[in-house]
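Good morning. I will talk about salt bridges today. Please have a look at the structure first.

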Amino acid sequence: PGTVIQCLKKAGTNNPVMLLDEVDKLGRDMRQGDPGSALLEVLDPEQNNTFTDHYLNVPFDLSKTLFIATANSLDTIPGPLLDR
């Protein structure tokens, strides 16, 4: 399964706290997708209740999950992601 779903399975609960460490170091490789856009889908309250794990191709409601993100520098975080 995708990383988010794996973490939820490991936590054994629908409403865990997930720590996203050093989001300022996200890479951008168009061959493998844009991790910033994927992370935005997870963090945005308008979208995360209809999150789809693209590995399993199943929807999952992440609205009960509390995400805490850390960063060493805000300069490299895309604006829409920083807003969340």
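Start with D44, which is buried, at a relative accessible area of 7%. Buried means under 20% relative accessible area, exposed means over 50%, and partly exposed is in between, with a 1.4 Å probe and protein chains only. A word on the source: this is a predicted model, where local features need pLDDT of at least 70 and side-chain atom pairs count only at pLDDT 80 or more, while totals for chains, interfaces and linings use all residues. Residues are numbered from 1 along each chain as its sequence is written, and side-chain values use heavy atoms, with hydrogens and water left out.

Which residue forms a salt bridge with D44? The partner is R84, and the closest N and O atoms are 3.5 Å apart. This pair links distant parts of the chain, 40 residues apart: D44 is in the loop between α2 (35-43) and β2 (51-53), and R84 is in the segment after α3 (79-83). Helices (H or I, at least four residues) and strands (E, at least two) are DSSP runs, numbered from the N terminus. By salt bridge I mean a side-chain nitrogen of Lys or Arg within 4 Å of a carboxyl oxygen of Asp or Glu.

R84 is partly exposed, at 43% relative accessibility. R84 also forms a salt bridge with D83, with 3.4 Å between the closest N and O atoms. D83 is exposed, at 61%.

K25 and E22 form a salt bridge, their closest N and O atoms 3.5 Å apart. K25 is exposed, at 51%, and E22 is partly exposed, at 33%. Searching the whole structure gives 3 salt bridges.
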